Amino acid sequence: QVQLVESGGGLVQPGGSLRLSCAASGFALEYYTIGWFRQTPGKEREGISCIDTSNSSRHYIDALKGRFSIARDNARNTVYLQMNSLQPEDTAVYYCAGVATYYCPPVATTKFDFWGQGTQVTVSS
């Protein structure tokens, strides 16, 4: 089991970019499938992206394809979510989560065991 900590959120104008980080401690993140999720008040937590342990499967929901990208840096024990061309509807708390022996897609909340505390992303003029 690993401890996950998200960082990199903040306030950005429409069209701007942010890079979120999901840093693991205690164990090697490379052996876990990592998912990114987001949640807004009153809505279900939504899986938006994932990367499996082999890096051969990188998934994004259709609305995010071409704007978001996920990558691993095993040396830093970190997974990143690069978010470009941000829009107001991207405003949410973003979470990362991990699970062993799971291959995405789908990015299903019930499949992930270890969760970070979330980082707020606000896209506003």
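I'll go through the ring pairs, then the charges over rings.

Ground rules. This is a predicted model: local features need pLDDT of at least 70, side-chain atom pairs count only at pLDDT 80 or more, and totals for chains, interfaces and linings use all residues. Residues are numbered from 1 along each chain as its sequence is written, and side-chain values use heavy atoms, with hydrogens and water left out.

How many aromatic pairs does the structure hold? There are 4. Rings of Phe, Tyr and Trp (its six-membered ring) pair if their centres lie within 6.5 Å; planes under 30 degrees apart are stacked, over 60 edge-to-face, the rest tilted.

Take Phe37 and Phe112. They sit edge-to-face, 5.3 Å centre to centre, with 80° between the planes. Phe37 is in strand E4 (residues 33-39) and Phe112 in the loop between strands E9 (92-99) and E10 (114-115), so this pair ties together parts 75 residues apart in sequence. Strands here are DSSP runs of at least two residues (E), numbered from the N terminus.

Buried or exposed? Phe37 is buried, at 0% relative accessible area. Phe112 is buried too, at 5%. Buried means under 20% (1.4 Å probe, protein chains only).

Next, Tyr102 with Phe112. Centres are 5.6 Å apart and planes at 70°, so that pair is edge-to-face. Tyr102 is also buried.

Put together, Phe37, Tyr102, Phe112 and Trp115 form one aromatic cluster.

Now charges. The charged end of Arg45 sits over the Trp115 ring, 4.9 Å from its centre. Arg19 lies over the face of Tyr80, 4.2 Å from the ring centre. The criterion: NZ of Lys or CZ of Arg within 6 Å of the ring centre and within 35 degrees of the ring normal.

Terms used
Helices (H or I, at least four residues) and strands (E, at least two) are DSSP runs, numbered from the N terminus. Buried means under 20% relative accessible area, exposed over 50%, partly exposed in between (1.4 Å probe, protein chains only).
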